[in-house]
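Colleague: Please show me the model, and then I will ask about a few of its residues.
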Amino acid sequence: MSATRRPYWLPGNCPPWCLLVTEHRDDDHPEDRSHAGRDASVTLTAADPLDLDGEPEEMRLYLLQHYRECEPRIWLGRNDTDRGGHLTLDEAEALAAELRRLVKVGRGEDAGE
Ligand SMILES: [Zn+2]
């Protein structure tokens with residue numbers, strides 16, 4: 001497949017955040033026919049390790065959208081494991097707002113409730 005040809009199962013272009021534009025293939029398994037964005041990670045210094053391998057614990061997150069889904073989800077999980085979950089964009093926005101609120105309360109910048 002050339003870099004400019006979409007696989008037969010993909011009806012339109014990749015969303016602008018997809019890093020797999022040249023990676024999607026005609027023979028991708030149906031479960032693997034997803035767009036994926038750049039991943040980010042945050043080192044978790046206060047988390048108990050999942051493994052005692054000396055590697056830092058991380059929270060990893062990235063955009064993911066199966067080609068038949070109407071909007072992307074955000075994966076939020078520990079290290080490279082399946083421990084975590086998907087958030088809708090609205091859920092992620094609500095979670096971010098709660099995290100910002102808790103940070104302000106924790107730093108004494110807001111009294112909380
Ligand atoms: Zn894509």
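Predicted model: local features only at pLDDT ≥ 70, side-chain atom pairs only at ≥ 80, totals over all residues.

Modeller: Residues are numbered from 1 along each chain as its sequence is written, and side-chain values use heavy atoms, without hydrogens and water.

Colleague: Is His-24 buried or exposed?
Modeller: Buried means under 20% relative accessible area, exposed over 50%, and partly exposed in between (1.4 Å probe, protein chains only). Because the relative accessibility of His-24 is 2%, His-24 counts as buried.

Colleague: Which residues are linked with Arg-60 in a network of salt bridges?
Modeller: A salt bridge puts a side-chain nitrogen of Lys or Arg within 4 Å of a carboxyl oxygen of Asp or Glu. Arg-60 and Glu-58 meet this way at 2.5 Å, N to O, and both are buried. The residues linked with Arg-60 in the network are Glu-58 and Asp-80.

Colleague: How is Glu-69 classed by its relative accessible area?
Modeller: The side chain of Glu-69 forms a salt bridge with that of Arg-73 (3.2 Å, N to O). Since its relative accessible area is 29%, Glu-69 is partly exposed.

Colleague: Which residue in S5 stands opposite Trp-75?
Modeller: Strands are DSSP runs of E, at least two residues, numbered from the N terminus, and two strands pair if DSSP finds at least two bridges between them. S4 (residues 73–78) and S5 (residues 84–87) pair in the antiparallel sense over 4 bridges. Opposite Trp-75 stands His-86.
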